[in-house]
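Student: I would like to learn how to read the folds in a model. Where do we begin?

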Amino acid sequence: MAQRPEDEQTTQQDLMRHARGLEERNVELRRINEELQRLDQLKSDLVSMVSHELRTPLTTIKEFTAILTDQIAGPISREQQEYLGIIKGNVERLTRIIDDLLDLGKIEAGRVFLHREFVDLAALVNTVMRSVRPLAESKGIQLATQIPETLASTFADADKIMQVLTNLLSNALQYTEAGGQVTVRIEEQANEMHVMVEDTGSGITQEDLPRLFEKFTQLARPAAHRALRGTGLGLAISKRLIELHGGRIWAESEPGRGSRFSFTLPVYRLEEVFRDYLRNGIEQARQSQGRLSVFLFVVADYQNLKVRYGVEKTGRLLQEVERLLESGVRRHSGDFVVSWQRGEVALLLLDVNKSEADSAASRLVQLVAEQEFPMDDATIRLTCAVASATYPDDATTEQELLGCLDEQLARGGHPRKRILVVDDEQKIRQFIKEALELHDYDVRTAASGPDALEQLKADTIDLVLLDLVMPVMNGYEVYHLLKENPNTKEIPVVIVTATGERKDRALGLNGASYNYVTKPFDVEELLAKVHALLQQSNGHA
Amino acid sequence: MPKQVLIVDDEADLRRALTVRLTSAGFACQTAANGREGLSKAQQTAPDLIIVDLLMPEMNGSALCRELARDARTATIPILVLTVLPVTRPGQREDSVERERRKLPGVARSMQKPFDSDELVRTVEELVGTDPQGGEGHGR
């Protein structure tokens, strides 16, 4: 469609004005956003500070009330006793409100992290039921559970789920009269677990239902029991805790008949669980400035084993490998082992650094290799490949760490680095070889420069340790031959010299930058250098 | 001879309350209003237990614990930390505050304010009783 020129011009001006307006609005929005974030931080600091400040006077009030009640300061009348009981109850209520405020503040500031593990939900429900039983009995309320005999274990933070359940149960007891019943039911559905707390209490009106999970909601229904009076925050906290777990929480009610509070917890696939666990572990390590290592063991020939022995037996075999690996590592409460039916076992170890991870990996591979696994009246041996990656040395996200593992395994499942030690003195060759092998390097040796060049032609070498002073061909000559050859020029080289042997400047070789280790050297120093160089060359690859 | 308890807390009212409570439970109490005063009293009188608040002016509770551990006269005295900061309850995972606190030398137990009076007395009896330096003591 044809447009007249002046129309076009107007449109363009309009657009420009519009764009400027948008730009300005964006700046304004950014400013508001920053301001909001600042306020949010301020609010969260304030909540935490005020909560702590309130605890001190509360402690004194509580303690002097108890001193009076216990008649340490002299006898008191029955009526005085009763009034002191009321003070005590209210002090406790204030304390609960402070606890809840702190909790909510922490959740809202994103400072609550779930410590998830496999949880037996049935056992957890029973624990909470036991803790509220005395109260239920004193009120004349019957407690019941309806839980399936077999229940998949859930992957959740047990403390937090317990907190939610306790909150829902206390509410149910609070609003149920004597002779009523409170029931906890669990149902397993396709992708989630349903937990329901049902009461036969007074119920909740339609208009109150949507406000239930908001902060400081006090409902227009009679609180049946003074000691149980809530803080107005319990359901708001529960909602956030369940949502942190990736679940939902809601309420249904029929006034006069009772209420049902339900929440769901997603049922996880193992790999998701593992990723989640890893993410959690990384977060913990980040906070404590610690480390974490993750391992992947791949059973060789697993597909063939499956064909030969069948899925079920091979599955059991894998579980044995899993158990073996589990028993072979130092156990932290946060460590985690999981196996996948494609013949892999993943392992997560907290507080394990890079060099510990390397030695653990080779130790565990050895452990598996030495084990005889019973299979069809005979025993078989397994070999497995291993890859390991450490936070924060190798990567800082769960995605990248797992990527490191895949990469290592793709490179032939052999993460061991091959080092060539070139020295004319047999004793030194041997000494360095042993030291490096202890740290799980694959070590070759060469007694002279030409010998080294031969081996470099024939084999893949990841790093060369080069003596400087050797007959026939000295270290510098070997170095420059390596660097001239496109096949070997990327290989990192460390030159080992005695003090005073360095002659690079005198020989006019100061153009190149050499990595030196000076004899007599410290083994730790040598290892650190080797490790650092291998890391660098990894990065380039 | 009653067991000696040194109470180090910057809140005068709470020092008073603790003194009344523990005296009635049969302990001999003395008090200090900050870490510095607490340290010198501990060094002079070598009590059987020291109750330490963490957030205090002059010298805070953490510094006090470290100083006490450094001095041979006070290094073996058990410490009960009473604080407004969160304390991990049994069966719960330790949070980072608690982990930091556990690194403090000499701390035998931590309780969060406000505390339960009976539990406090029980804990004090236990700590004084199981102290190897303290002889027979209360409790086990």
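Tutor: With the elements. Helices (H or I, at least four residues) and strands (E, at least two) are DSSP runs, numbered from the N terminus. Keep in mind that this is a predicted model.

Student: How many helices and strands does chain B have?

Tutor: Chain B has five helices and five strands. Read from the N terminus, its elements follow the pattern β-α-β-α-β-α-β-α-β-α.

Student: Which residue stands opposite B:Asp53?

Tutor: Take the strand pair first. S3 (residues 49-53) and S4 (residues 79-83) of chain B run parallel and are joined by four bridges. Opposite B:Asp53 stands B:Leu82, in S4(B).

Student: What share of chain B is buried?

Tutor: Of the 140 residues in chain B, 49% are buried. Now consider contacts in chain B between residues at least 6 apart in sequence: 67% of them join residues at least 24 apart.

Student: How many disulfides does the structure hold?

Tutor: A disulfide is a covalent bond between the sulfur atoms of two cysteines. The count over all chains is zero.

Student: Is B:Cys65 buried or exposed?

Tutor: B:Cys65 has 1% relative accessibility, so it counts as buried. B:Cys29 has 22% relative accessibility and therefore counts as partly exposed. The cut-off for buried is under 20%.

Student: Now chain A. What is the strand order in its open sheet of five strands?

Tutor: The order is S2-S4-S5-S7-S6 (chain A), and the pairing is mixed. S2 (142-146) and S6 (249-254) of chain A stand at the edges with a single partner strand each, so each has one side without a neighbour in the sheet. The twist averages 15° from one strand to the next.

Student: In which sense do S5 and S7 of chain A pair?

Tutor: S5 (residues 192-199) and S7 (residues 258-266) of chain A pair in the antiparallel sense, over eight bridges. A:Met193 stands opposite A:Leu265 in S7(A). Helix H5 (residues 234-244) of chain A lies across S6 and S7 of chain A, at about 25° to S7(A).

Student: Which residues of H11(A) are buried?

Tutor: Start with the helix span. H11 (residues 426-438) of chain A has 13 residues and reaches 18 Å from first C-alpha to last, close to the 18 Å expected at 1.5 Å a residue. Its buried residues are A:Ile428, A:Arg429, A:Ile432, A:Ala435 and A:Leu436. These cover an arc of only 140° around the axis, so they lie on the same side of H11(A).

Student: And which exposed residues does the face turned away from the buried side of H11(A) carry?

Tutor: That face carries A:Lys427 and A:Leu438.

Key. Residues numbered from 1 in each chain as written. Chains lettered and ligands numbered in written order. Predicted model: local features only at pLDDT ≥ 70, side-chain atom pairs only at ≥ 80, totals over all residues. Heavy atoms only, no water. Expected span 1.5 Å × (residues − 1). Buried < 20%, exposed > 50% of the residue type's maximum accessible area, 1.4 Å probe, protein only. Arc of directions from axis to C-beta. Pairing = 2+ DSSP bridges. Axes fitted to C-alpha atoms, helices over the stretch in contact; angles between N-to-C directions. Contact = heavy atoms within 4.5 Å. Disulfide = S-S within 2.5 Å.
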